[in-house]
Amino acid sequence: MKVYIVTAKEMYDIDNYTMKKIGMDGKLLMENAGRAVSEKVERLIEKSDRICIFVGPGNNGGDGFVIARTLMNKRYDVTIVQVVPDEKITGDALYHKNVFVNYGGSILIAQQESEVHDVTVNSDVVIDAILGLGVKGDLREGLITAVEVINEVANRVISVDIPSGLPADEGMEEFTSVQADFTIVIEAPKVSAFLQHTALYYGVWDTVSIGLPLIAFQRYAKRNVWGYEQFKDCMPRRDPYSHKGDHGKGLTIGGSATMPGSIVMTAKAALRAGAGLITIGTSEKVINRIASQCIEATYFPIHEQNNHPSIPFEEFDAITIGMGMGRSGNAAALVAHVVEQTDCPLIIDADGLFHVKTDLAKLKVRKSPTIVTPHPGEMAMLLDISVKELLITPFYWSMKIAQTYNVYVVLKGKHTIITTPEGIQVVNKSGNAGLAKGGSGDVLAGILLALVMQQRSVFQALCNACFIHGKAADLLVEETHSDQDLMASDVIEGISKVYRTLS
Ligand SMILES: NC(=O)C1=CN([C@@H]2O[C@H](COP(=O)(O)OP(=O)(O)OC[C@H]3O[C@@H](n4cnc5c(N)ncnc54)[C@H](O)[C@@H]3O)[C@@H](O)[C@H]2O)[C@@H](O)CC1
Ligand SMILES: Nc1ncnc2c1ncn2[C@@H]1O[C@H](COP(=O)(O)OP(=O)(O)O)[C@@H](O)[C@H]1O
Ligand SMILES: [K+]
């Protein structure tokens, strides 16, 4: 199943479409939401747990009343704490509040901090239905007290849809949010579940379906997660009669006297990921040192004094440039030359990005696909902004680079964001902190090169390459390694595990 990623506006559009065009009533959606969340909650708690459900002024609070009624009806010990006065509860939420009361439920309206404190301390589980998508500005009094008390003294916190106070969208730096242990997300994760400064507030998250129609998501949601199903659907199979030329002849340019190894890792990863032939273009002084480390590759010497080496570009199906090539004037000239003179997919990584920064406009006029693969530091450098600014709004900035320079952007990180020049955006979720080690990016560059040569859709190739890279690390950490000892060269071997078990 495709997991969509939504902004608050997209989710409201989907809700409105469902209510107005499909004809499902808001109260019914709230009933579905509360029931689906309760089912999931039951799997996370014990029958003997004392449950305290915090409800706020909007529809998230409305979900809270349905959850309270559903659990109470199953003989769970439930207390409702309403953190706003009665008159704030309106519409569908009021309807479900009345149903809850008619069922015999009672409500504690929290007036004093001490009351909130006592009820929280005396419960085993807090269900946080204070605020959902509708949070705006700083939390007002009453709500802020509740959030602070929950964060200070609650035993376990399960948030409904989104931790209360946390913005759904990117771009917000300051906020006060519930820190959840678990978040039960309604239908689709929000953008903030994928940002470095907000994702951790969710704790572990999972989604529930409340009956919103797929056509509404197809119409309004612009992003999705790239996972196993997407990979399996479009990963090409090797033709039994294929020959090496069918799997691409790739050139990887990089490496230098002080960084000879990176280019070897790229080449090995490309071959392990299925490339037919790989040529390493590197400093002539380096070739002797590295040739024995990748005996399957061929080598093309690059003379450091010569700015425009006569590399036979037309022989190659795709090129990757930049890994370990250094920042010399010659390297800069070589990058400029490759950008101008090649007419095949070009992947620019690492130092290649540093050099290309001086004339990004040249990328726009390339006729074949250009792919840039920055980590956050390199991306911030390309944009002349701070890493912090980038990480608060990474979807926006990825889109900006992709569309301004007509390039594919692979913004690497825990949640790698892949953006096409047409504005399609996906997030790869595979991978773990074992990859936070020198050389991981070089390995990714090799997998990208191999897949770009083997898949007709550049977009699918990029997504699959990121998935394979992360999944290789995940399988290694599950089976034989840990996220401490994992090394980039292990990840190359791990590609076999992905292919053997998943494709
Ligand atoms: N059809 C729907 O719209 C559905 C919505 N659902 C739930 O409804 C939620 C969205 O509902 P709402 O749009 O009512 O949003 P909220 O439940 O987040 O509540 C918004 C209200 O909270 C108050 N508020 C906002 N910011 C505040 C602040 N800083 N301090 C104090 N009060 C503040 C405002 O009065 C605002 O009207 C979703 O997250 C989901 O949990 C579900 O019930 C399923 C169906
Ligand atoms: N904490 C993490 N969780 C998941 N993936 C990660 C993590 N840290 C790094 N990675 C992945 O590892 C790779 C690192 O690339 P990069 O920073 O260019 O490394 P290097 O330049 O050292 O080769 C990227 O694909 C990135 O997505
Ligand atoms: K919430």
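**Notes on the model**

1. Of the 503 residues in the protein, 52% count as buried; a residue is buried if 20 or more other C-beta atoms lie within 10 Å of its own, exposed if 12 or fewer, and partly exposed in between, with C-beta atoms placed from the backbone. This is a predicted model, in which local features need pLDDT of at least 70 and side-chain atom pairs count only at pLDDT 80 or more, while totals for chains, interfaces and linings use all residues. Residues are numbered from 1 along each chain as its sequence is written, and chains are lettered from A and ligands numbered from 1 in the order in which they are written.

2. The protein has 19 helices and 18 strands. These are DSSP runs numbered from the N terminus: helices are H or I, at least four residues, and strands are E, at least two. The C-alpha trace spans about 85 × 45 × 45 Å along its principal axes. Among contacts with a separation of 6 or more, 72% join residues 24 or more positions apart; two residues are in contact if their C-beta atoms, placed from the backbone, lie within 7 Å.

3. The domain assignment gives domain 1 (4-221) and domain 2 (229-234 + 244-372 + 413-502), with bounds that come from an automatic or database assignment. The C-alpha centres of domain 1 and domain 2 lie 43 Å apart. UniProt, in an unreviewed entry, lists residues 11-218 as "domain: YjeF N-terminal". UniProt positions are given in the numbering used here, feature names are shortened, and annotations may be inferred rather than shown by experiment. The span 11-218 is 40% helix and 17% strand, and its end C-alpha atoms lie 12 Å apart.

4. The largest nonpolar core has 158 residues, and those with the most contacts inside it are I53, F54, I447, L448 and L462. Such a core is a set of buried Ala, Val, Leu, Ile, Met, Phe, Trp, Tyr and Cys residues joined through C-beta atoms within 7 Å. Helix α18 (residues 458-479) gives the largest share of this core, 13 residues. Domain 1 and domain 2 each contribute at least three residues to this core. Leaving out residues up to four places away in sequence, F54 touches V81, V83, V126, D128, A129, I130, A146 and I150.

5. Which residues are closest to ligand 1? They are G58, N59, N60, G132 and G134, in a shell of 28 residues; a residue counts if its C-beta atom, placed from the backbone, lies within 6 Å of the ligand. The elements giving two or more residues to this shell are α2 (26-44) and α3 (59-73), and α3 has the largest share, five residues. By class, the shell around ligand 1 has twelve nonpolar, ten polar and six charged residues. Here Ala, Val, Leu, Ile, Met, Phe, Trp, Tyr, Cys and Pro count as nonpolar, Asp, Glu, Lys and Arg as charged, and the others, Gly among them, as polar.

6. Ligand 2 is surrounded by 19 residues, with H375, G431, L435, A436 and G441 the closest. Both α17 (440-454) and α18 supply at least two residues of this shell; the largest share, four residues, comes from α17. The shell around ligand 2 has five nonpolar, eleven polar and three charged residues.

7. The unreviewed UniProt entry places the feature "binding site" at K412, G413, K414, H415, T416 and G441. These positions are spread over 30 residues of sequence but cluster in space, with a largest C-alpha distance of 14.0 Å.

8. H415 is found in the loop between β16 (408-411) and β17 (416-419). H415 is partly exposed because 19 other C-beta atoms lie within 10 Å, and H415 touches F194, V427 and K429. T416 is in strand β17 and counts as buried, with 26 C-beta neighbours inside 10 Å; T416 touches V410, L411, N428 and C466. G441 is found in helix α17 and is also buried, with 24 C-beta neighbours inside 10 Å. The contacts of G441 are D349, A350, H375 and K412.
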